[in-house]
Amino acid sequence: SSFLSRHFDPEEKKTPQKVRERATKLSIIISKIHPLPRGFCYQRLLLPAKLTVTRRHSAVTTSKAYLRQTMAVAAMAGGVDSLSDRAAKMKEALLKSQTITENVVSILGSFDSRLSVLETAMRPTQIRTHAIRKAHENIDKTLKAAEVLLAEFDISRQAEAQILRGPHEDLESYLEAIEQLRKNIRFFSSSKGFKSGDAVLDNANTLLAKAISKLEDEFKQLLVSCSKPVEPDRLFECLPESMRPSAGSPANRPHSHNHSEQQNSNAEAASFKPLVMIPPRTVPLLHDLAVHMVQSGHQQQLLKTYRDTRSSVLEESLRKLGVERLSKEDVQKMQWEVLEAKIGNWIHFMRIAVKILFAGERRLCDQIFDGFDSLRDQCFAECTGNNVSMLLSFGEAITKSKRSPEKLFVLLDMYEIMRELHSEIESVFSGKVCAEIRESTLGLTKKLAQTAQETFGDFEEAVEKDATKTAVLDGTVHPLTSYVINYVKFLFDYQSTLNQLFREFETGGETVSQLATVTMRIMQALQTNLDGKSKQYKDQALTHLFLMNNIHYMVRSVRRSEAKDLLGDDWVQRHRRVVQQHANQYKRTGWGKVLFSLLD
């Protein structure tokens with residue numbers, strides 16, 4: 001009340017200037033007492049005062065009613081005079097209170113209208129304040145965006161400086177700069193509202209292209225510097241102890257027919273040491289370089305660089321080992337001893353190439369191109385394709401050369417090594433891209449089997465039609481018989497290989513019975529040829545002696561070899577009876593001559 005009486009005199013002349021000044025003072029005082037939120041209507045402050053005045057007016061009205069009731073009771077009681085005085089005083093007090101209340105209501109009413117005017121006058125200020133606040137917020141956002149943009153420019157300049165220095169000094173930092181430059185390009189590509197964005201992107205893309213070009217040179221230089229042909233001694237060190245050559249090269253060890261099934265199984269189960277193609281510390285760097293080149297779309301350049309470098313290294317490694325590309329004519333001109341030695345070496349080379357050299361190259365490709373399966377298989381196929389072809393060319397030349405009985409066993413040896421390496425070839429040359437290499441090796445295996453089977457048939461026919469005029473004067477064992485029997489003994493050293501070979505072409509039946517059938521046919525062809533040779537003797541006794549000795553040699557050799565289990569006791573007993581028959585004929589014919597001489 002004291003505040004209102006001092007600052008809001010009803011009788012005072014009201015001017016807009018004074019209303020604004022006093023409203024400002026009132027706003028300051030109210031805000032100090034209780035700070036109000038922005039946009040709060042000051043008219044709300046008048047509500048408690050209005051309620052108070054209303055309550056006081058109700059109290060006055062209630063007091064008047066109470067006074068009238070009291071006066072009625074007092075009159076009835078007889079104290080009319082004293083009560084009249086008191087009632088008059090009370091009435092006077094109530095009138096004063098009512099007057100004050102009415103004044104306050106009048107003042108508050110005028111204050112309400114003034115506050116409305118004040119609020120209207122202050123609204124433009126609030127609007128300007130809100131605009132200033134939004135401007136500050138926009139400035140903050142702009143500054144933050146500018147800071148991010150400037151940071152990207154700083155990063156771009158740092159990356160550019162590192163790239164211009166080249167990858168030779170610090171390859172890892174160079175790769176990090178390229179990665180940062182890619183992020184920079186992605187940032188400016190997404191910032192379409194930046195006016196100079198296109199120019200910045202053009203500059204960054206040009207710089208990235210230069211960086212990748214330098215990466216190609218670095219990849220090639222690093223790969224070439226650490227790719228050296230593998231010396232034969234290093235390859236031999238990866239072989240199991242039992243397969244290592246005793247001196248120098250495997251060419252110093254002539255191939256022989258000392259073949260055994262146990263030896264072949266040991267070769268399959270032997271442990272081969274992995275070959276380290278390039279220094280291990282270089283592989284992660286080559287991998288990182290390859291990743292960046294692939295991400296930049298330079299797969300073809302990467303493929304060409306790897307193929308040209310590694311293919312020549314593998315080819316030189318094989319040449320140092322002794323591998324050479326030979327044609328059918330080259331094979332045909334060779335002496336048998338030379339050719340047999342080369343076949344033995346080729347078998348050794350195939351095992352080394354597949355299990356050591358190509359397996360090592362596959363591991364290297366898997367490490368360098370990890371995460372890029374199709375590119376990995378493509379690189380491996382292209383860098384090994386020509387070298388596999390060079391190895392297989394010798395086998396192809398053997399299958400196309402003129403067949404002869406002595407080639408059967410080396411053909412079986414070559415067929416064996418291809419069967420032994422089949423699972424390894426399927427594993428090393430896996431993938432769709434290497435399908436042609438797998439098919440070529442499988443094709444050679446089938447050609448070797450076909451040639452061996454045809455040579456087998458040629459041998460049977462050659463035994464039956466052998467027309468050598470070598471005469472055995474005393475009727476002992478003919479060289480053809482010993483040759484054929486030794487031949488058959490060697491065949492049983494390859495029993496499992498022959499069974500596999502027959503399985504390649506036969507659609508039904510047991511392979512054991514097929515081998516027995518073929519062996520019986522060879523023995524029958526030999527016996528037929530011996531019958532023909534026996535007729536060369538003019539002396540009938542020598543004819544029977546010749547047949548007895550040769551068939552007895554056949555029976556005895558079969559009984560002492562594995563052929564007995566295959567041909568069976570019936571064959572042995574039947575031919576023993578034939579031997580006995582010729583022995584009886586020989587005795588009859590020989591003693592007949594003696595008796596005839598005595599009679600003369």
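Visitor: What do the side chains of Glu241 and Arg244 meet in?
Guide: They meet in a salt bridge, with 3.2 Å from N to O. The term stands for a side-chain nitrogen of Lys or Arg within 4 Å of a carboxyl oxygen of Asp or Glu. Please note that this is a predicted model, in which local features need pLDDT of at least 70 and side-chain atom pairs count only at pLDDT 80 or more, while totals for chains, interfaces and linings use all residues. Residues are numbered from 1 along each chain as its sequence is written, and side-chain values use heavy atoms, with hydrogens and water left out.

Visitor: Is Glu241 buried or exposed?
Guide: Glu241 counts as exposed, at 62% relative accessibility. Arg244 is partly exposed, its relative accessible area being 25%. Buried means under 20% relative accessible area, exposed over 50%, and partly exposed in between (1.4 Å probe, protein chains only).

Visitor: How many salt bridges does a search of the whole structure find?
Guide: The search finds 23 salt bridges. One of them joins Glu420 to Arg351, whose closest N and O atoms are 2.9 Å apart. This pair links distant parts of the chain, 69 residues apart: Glu420 is in helix α14 (residues 407–420) and Arg351 in helix α12 (residues 336–368). Helices (H or I, at least four residues) and strands (E, at least two) are DSSP runs, numbered from the N terminus.

Visitor: And is Glu420 buried or exposed?
Guide: Glu420 counts as buried, at 6% relative accessibility.

Visitor: Which residue does Glu454 form a salt bridge with?
Guide: Glu454 forms a salt bridge with Arg403, and the closest N and O atoms are 3.0 Å apart. Here too, distant parts of the chain are linked: Glu454 belongs to helix α16 (residues 435–465), while Arg403 is in the loop between α13 (373–400) and α14, 51 residues apart. Glu454 is partly exposed at 30% relative accessibility, and Arg403 is partly exposed at 38%.

Visitor: Which residues are linked in a network of salt bridges?
Guide: The network consists of Arg362, Asp366, Asp373, Arg376 and Asp377. Arg362 has another contact to show: its charged end sits over the ring of Phe380, 4.5 Å from the centre of that ring. For this description, NZ of Lys or CZ of Arg must be within 6 Å of the ring centre and within 35 degrees of the ring normal.

Visitor: Let us turn to rings. How many aromatic pairs does the search find?
Guide: The search of the whole structure finds 12 aromatic pairs. One of them is the tilted pair of Phe380 and Phe429, with 5.2 Å centre to centre and 40° between the planes. Rings of Phe, Tyr and Trp (its six-membered ring) pair if their centres lie within 6.5 Å; planes under 30 degrees apart count as stacked, over 60 as edge-to-face and the rest as tilted.

Visitor: Where do Phe380 and Phe429 lie?
Guide: Phe380 lies in helix α13 and Phe429 in the loop between α15 (422–428) and α16, so the pair ties together parts that are 49 residues apart in sequence. Phe380 and Phe429 are both buried.

Visitor: Which residues do ring pairs link into a cluster?
Guide: The cluster holds Phe409, Phe459, Tyr483, Tyr487, Phe490 and Tyr494. Pro405, placed in the loop between α13 and α14, touches Thr455, Phe459, Tyr483 and Tyr487, not counting residues up to four places away in sequence.

Visitor: How many disulfides are there?
Guide: The search finds 0 disulfides, a disulfide being a pair of cysteine sulfur atoms within 2.5 Å. The sulfur of Cys383 is 4.9 Å from the closest cysteine sulfur, in Cys365, which is too far for a bond. Cys383 counts as buried, at 0% relative accessibility.

Visitor: What about the chain overall: how many helices and strands does it have?
Guide: The protein chain has 21 helices and 0 strands. Of its 600 residues, 40% count as buried.

Visitor: Finally, what pLDDT does the chain average?
Guide: The average is 78, and 72% of the residues score at least 70. Here pLDDT is the predictor's confidence in each residue, from 0 to 100. Over residues 32–50 the pLDDT is below 50. Where pLDDT is low, the predicted coordinates should not be read in detail.

Terms used:
Contact = heavy atoms within 4.5 Å.
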